[in-house]
Amino acid sequence: LQQVPILQANNGPSLMGLTAIAAHLVQEAQQKQLLGRTAEEKAIMQQWLEYRVTQIDGHRGKDETRTILKDLNHYLEDKVYLAGNNFTLADILVYYGLHPIMTELAVQEKEKYVNVSRWFDHIQNYPGIRQHLPPVVMMKNRLYTSGH
Amino acid sequence: MRLYLTEGNPHCLKVVAAVELTGTRCELQFVGVEERVVPFLSHSKLPCLQLDSGNYLFSTNAICQYLFTLRGKEPSDLTNQWLEWEATELQTALSGALYTAVVQGKKEEAAGTLQKKWTYIDQSLTRRSFPYLAADAITVADIVLWGALYPLLSDSAFLLGDLKALRGWFERVCAVAACRKAVESILKGKGLQGLKPYLQKQPAPSQRAETPTSNEPEGGESADRVLTEEEIRAAADSWSKGLSGWPKPKLIQHPVLPQPNEKNVLITSALPYVNNVPHLGNIIGCVLSADVFARFCRLRNWSTLFVCGTDEYGTATETKALEEGLSPQQICDKYHAVHAQIYQWFGISFDHFGRTTTQRQREISQDIFRRLLERDFLLQDTVEQLRCESCQKFLADRFVEGFCPFCNYEEARGDQCDKCGKLINATELKNPQCKICKGTPVVKSSKHLFLDLPKLESRLVKWLEDSMVSGNWTPNARFIARSWIRDGLKPRCITRDLKWGIPVPLEEFKDKVFYVWFDAPIGYLSITANYTDQWERWWKNPEQVQLYNFMAKDNVPFHSVVFPCSLLGAEDNYTLVNHLIATEYLNYEDGKFSKSRGVGVFGDMAKETGIPADIWRFYLLFIRPEGQDSSFSWSDLLLKNNSELLNNLGNFINRAGMFVCKFFEGRVPEMELHDDDKRLLAQATWELRQYLQLLEKVRIRDALKCILNISRHGNQYIQANEPWKRIKGTDADRKRAGTVTGVAVNVACLLSVMLQPYMPSVSASIQEQLLAPAQCNVLADEFVCILPGGHKIGTVSPLFQKLETDEVESWRKRFGGQQPEEGSADQSKTEAKPTAEAKAAAPVAEDAGKGADPQRAKQLAEEVTKQGEVVRELKAQKAEKAVIGAEVTKLLELKKQLVLAEGKTAEAPAQKGKKKK
C-alpha cells in the first residue's frame with residue numbers, strides 16, 4: 001500500500017499528500033515559478049503532478065508501465081520539459097516517480113522511449129535535483145538503429 | 001477552448017459544473033465513450049479540454065482548477081489537498097463502487113465500501129466548521145468532490161445516516177445552479193442508471209486487480225496461508241464425526257425431475273454440428289466442461305439433468321451427403337454414432353445424448369413458431385436470390401461467378417470482383433454461372449420470415465439485466481451479449497429455401513424450412529422431451545430450475561440474445577438461461593485446429609494414442625481456456641502428466657495406500673491426532689471449501705488446483721513425518737507412524753471424491769483400491785474421517801504412467817500439420833526430381849511480367865524436345881500410368897515456361913493447365 005506523507009508545520013494545520021505538500025514548500029521557498037508562470041502552464045504542471053501520484057505510483061504490472069512510457073514518450077516528442085519550455089515541479093516529481101522504472105529498463109528499451117530518456121537524463125543532470133538517487137546511465141550513441 | 005464530453009460519464013459532471021460556475025466561454029463537444037481525443041495517450045481519456053494553444057488537459061481536476069485560475073481563483077494548500085485526495089483515494093474507491101452498484105446492480109454492497117471515505121469527509125467538515133470544504137465560500141474543491149460523489153449520493157440507496165455535516169454540504173452544493181445544470185446535461189434525468197452504458201464499457205475494476213490466468217498454476221499461495229487456531233480446532237472436530245451423520249448419496253433414478261424446495265440444475269452443452277468430428281477445443285469448450293459441472297452437482301445431491309445431442313439440419317449436412325453419396329439422414333445417423341462414441345470414450349455423463357432430427361423437435365419448433373406468429377413477432381419480407389435450377393439450389397455468394405457489372409472482369413464472385421475490388425450484389429452479375437454445375441442460375445425472389453428482434457428488445461434487456469445480476473455469466477458472455485445490444489438488434493431471417501430441415505408450417509412457405517439457428521437451440525428442449533414426457537417440468541419452470549448453458553464464446557449471441565428472444569416472444573413461461581458459461585478458444589501448439597490441414601487432435605484420434613481418457617480430461621481441464629485463450633501442447637501434456645499427476649497426486653495416493661498394506665497388513669491403523677495432523681486436516685478443509693466455492697461459480701480450472709494443493713500438502717506431511725522410519729522405532733514412534741498413515745489414506749480418500757468430476761475412472765479405481773464406502777461420494781464443506789481404524793483396504797497399485805519424451809514427440813509429429821506420409825512423399829519428390837524442374841519452376845514468377853527472353857526460350861525449347869522424347873519412350877515401353885503421368889506433367893510445365901519465355905500471353909495456357917488439374 002502506498003504511504004501518504006503528512007507535513008506538520010509548527011504553526012498551523014497539517015497538510016496531507018505528496019503534491020499538496022510539494023506545492024506548499026515551493027511557495028514557502030519563494031520559488032513560485034516552479035508552479036508555472038501562466039494559467040495554462042500551471043494547469044499543465046498540476047496535471048502531471050496528478051499523473052505522478054495516480055498513474056505512475058498506481059501502476060500495476062508491466063503493461064501499465066509500458067503504457068506510461070509510451071504515452072510520455074509521445075508527449076515529450078516536441079517538449080523540453082513537461083510543462084513545455086520551463087522547468088517546473090512536475091519535472092521533479094515525475095523524475096522521482098520514474099526513477100525506479102528507468103533503472104530497470106534495458107538499453108534497448110531506453111532507446112525505444114528515446115524522448116523519455118532524453119528528458120530524464122536532462123532532469124537528472126539538473127543542478128540539485130538528483131540528490132541521493134543513483135544516476136541512470138544513458139547511452140550517447142544508439143546501439144539498436146533498426147529498433148522502430 | 002473546446003471541451004470534449006461524453007454523456008453518462010460521471011467525470012464530466014464536475015467539469016461542466018466548473019464551466020458553468022466560472023462562466024467560462026468554451027465550446028462543448030459530445031463524443032463517443034471510446035473516442036481518443038488526446039493525441040499522446042494510448043487510451044481514451046474523457047473529458048478533456050483542448051486549449052487555444054493546441055495543448056490538452058486530460059485531468060479533470062486540472063481542468064477545473066484551470067477554469068478557476070482564469071477567474072483569478074488560485075489554488076490554496078487546502079484545495080490542493082482535497083484535489084489530490086480525490087484523485088488518489090476517493091476515485092479508486094468510487095470506480096469500484098460505481099461498477100458494483102450500476103453494472104452488477106449490488107447497491108448495498110457498493111455503499112458498504114464507501115463508508116470510510118464518507119466519514120473522512122464528514123469529519124473534515126466538522127473539524128473546520130466551514131460550510132464548504134476549503135473556505136467560507138465555494139471553491140474548486142467543492143465542485144470536484146461534489147462531481148465525484150453526486151451519482152451515488154443522489155441515489156436513495158446511499159443513505160448518509162447521521163453524517164450530518166456531509167449531508168448538509170452535499171445539499172448546499174447540489175443547490176448551486178451550475179451543478180444543477182451539469183446534472184441535466186450529463187445525466188439527462190436518468191440518475192445512476194444513466195451511467196450504465198458508460199460504465200459497461202470500462203474494464204471491471206475488481207477484475208483488473210486480478211492477475212490474468214495462464215497455463216501455469218499460481219504456485220503455492222495457499223501453502224503460505226496462516227491457519228487460525230479456531231480453524232484447526234474446527235477441522236479436528238469435523239473429522240471426529242466420521243461418516244455416521246454424513247448425508248447419503250442420492251440414488252439417481254431416471255427420469256430425473258426437478259424437486260420442489262430443492263436445488264434443481266439443468267445443464268446443457270452446445271449441440272455439436274453433426275458433420276464434423278469434434279476436436280479437443282470443441283470437447284473442452286462444451287461437453288467436458290459441462291460434464292465436470294454435472295458430476296459436481298450430482299455429488300452435491302442436487303437434482304441434475306445434463307442433456308446434449310447432435311445438431312443435424314442445415315446446408316452443411318446436405319453438402320456432406322452429396323460428398324459421401326449418402327442421404328442427409330444417413331449422414332446424420334453415421335456421424336451421430338461417431339459423436340456418441342467419442343463422448344462415451346471421454347466419459348461424458350449425459351443423462352441423454354439426443355439429436356435434432358426427431359418428431360419432438362418438429363413439434364416444439366413449430367409450436368414456438370406458431371406462438372411467435374400469433375403474437376405478431378414475425379415479419380415477412382422478400383429476398384432476391386440467384387437460384388440454380390439444375391442443382392435445385394439457391395446459390396450463396398461464393399457459389400456463383402460471372403462478369404463484373406463494373407469492369408467486365410470475367411471471374412467476379414457473387415460478393416466481390418477481384419479485379420476492380422468493388423462489392424457486388426450477386427443478382428447484378430452478368431452471365432452468372434453456378435460454380436457447381438456451370439449452369440445458368442436465375443433470379444428468383446423468395447419470401448422469408450424474420451424474427452422481429454427490435455420489437456422484443458426491451459423485454460430482452462430487462463431479462464438480461466436480471467439474469468446477469470443474479471446469475472453467473474462469464475465475463476466474455478456478458479461482454480458479447482452487451483455489445484450485441486449496444487450495436488442494435490435487427491430482424492433475423494428464420495427461414496431458408498432448403499429441403500433438409502423442419503418444414504415451416506404455413507401453406508405459403510411449404511417449400512421452406514427453418515434456418516438452423518432458429519431450431520437448433522430448441523434441440524435442448526426436444527432432446528429433454530425425448531428423454532422424458534415430463535420435459536416441461538424442466539423447461540417451463542423458471543421458478544424451480546437453474547439453467548446452465550455451456551459453450552465456446554462464438555455461440556454466445558445465440559444463447560444470450562437470439563434464442564431468449566424466441567422464448568420470450570413465445571410467452572409460455574420457458575426456463576431461460578440463468579448462468580451462461582462461455583470458454584475462450586483452445587489453440588493447438590500455438591496454431592489453430594484445422595481439419596482440412598490435418599492439424600490438431602480430434603476426438604477419435606485421442607483414443608489412438610493409448611493415453612487414457614482421464615489423462616486427456618485432466619490436461620484439457622488443467623488448461624481450460626477460462627478467461628483467456630490457452631494452447632494445447634504435447635510437451636506441456638507430458639510435463640503436467642509427469643509432474644502433477646505422477647509425482648504429486650499419484651505419488652501421494654499410492655504411498656498412503658502402500659503404507660497401510662506394507663506396515664499394517666492392509667488395515668487402516670488407529671489414529672491419535674497431534675497438532676501436525678490437525679493442521680493438515682485444516683489445510684485440506686480450507687482447500688475443499690475453496691474447491692466447492694469455485695465449482696459453484698463454474699471456475700473449473702481453478703478448482704482443480706485445489707485438489708493438487710491438497711495432495712501437495714499431503715506429500716509434505718508424509719515427508720515431514722517419515723512413517724517408514726518411525727515404524728521401525730519405539731512403541732510411541734510406531735503409533736505415530738500409524739496415525740500419519742491413517743490420516744494420509746483418509747486424505748487420499750477425500751481426494752478420490754473431489755477428483756470424481758475431473759477423472760471419474762481414476763476416482764473409481766482409488767475407491768476400489770481403498771475399498772471406500774459408497775457413502776463417501778457426497779461433497780459437503782467438511783472433511784470427515786471416512787476410513788476409520790480397522791478398515792480393510794484392497795490391493796494398491798500405481799494410478800498413472802510416465803509419459804516419455806520420444807513417445808510424445810512422435811505424436812506431435814503425427815498430429816501437428818501435414819500427415820507424415822504426405823510430408824515425406826513431398827520431400828522425396830523434390831529431392832529425386834532432376835534439376836530440370838527446379839530450374840523450370842523458379843523463373844515462373846520472374847518471367848511472367850518480363851516478356852520475351854530469347855536465350856531462355858532456346859534453352860527451354862531444347863528441354864521440351866528432350867522431355868518429349870522421354871515421354872514417348874516411356875509410352876512405347878508401356879510403362880506404368882503414374883510414371884508416364886509424372887513425366888507428362890513435367891513436359892507441360894516446360895512448355896508453359898517456353899510460352900512465357902517466347903513472350904506470348906501467359907494467361908490462356910496457364911489457365912488451361914490449372915483447370916486440367
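Trainee: Which residues of helix α1 (residues 18-28) of chain A are buried?
Mentor: Thr19(A), Ala20(A), Ile21(A), Ala22(A), Ala23(A), His24(A) and Val26(A) are the buried ones. Buried means under 20% relative accessible area, exposed over 50%, and partly exposed in between, with a 1.4 Å probe and protein chains only. This is a predicted model, in which local features need pLDDT of at least 70 and side-chain atom pairs count only at pLDDT 80 or more, while totals for chains, interfaces and linings use all residues. Residues are numbered from 1 along each chain as written, chains are lettered from A and ligands numbered from 1 in written order, and side-chain values use heavy atoms, without hydrogens and water.

Trainee: What covers the buried residues of α1(A)?
Mentor: The cover includes β1 (6-7), β2 (15-16), α2 (39-58) and α4 (89-104) of chain A, and α3 (77-103) of chain B. Helices (H or I, at least four residues) and strands (E, at least two) are DSSP runs, numbered from the N terminus.

Trainee: Why does Ser560(B) count as buried?
Mentor: Its relative accessibility is 0%, so Ser560(B) counts as buried. Ser560(B) lies in helix α20 (residues 556-570) of chain B.

Trainee: Why are α16(B) and α20(B) called oblique to each other?
Mentor: The axes, lines fitted to C-alpha atoms over the stretch in contact, have angles from 0 to 180 degrees between N-to-C directions. The axes of α16(B) (residues 475-486) and α20(B) cross at roughly 50°. Under 35 degrees counts as roughly parallel, over 145 as roughly antiparallel, 65 to 115 as roughly perpendicular and the rest as oblique. The two helices are therefore oblique.

Methods: Contact = heavy atoms within 4.5 Å.
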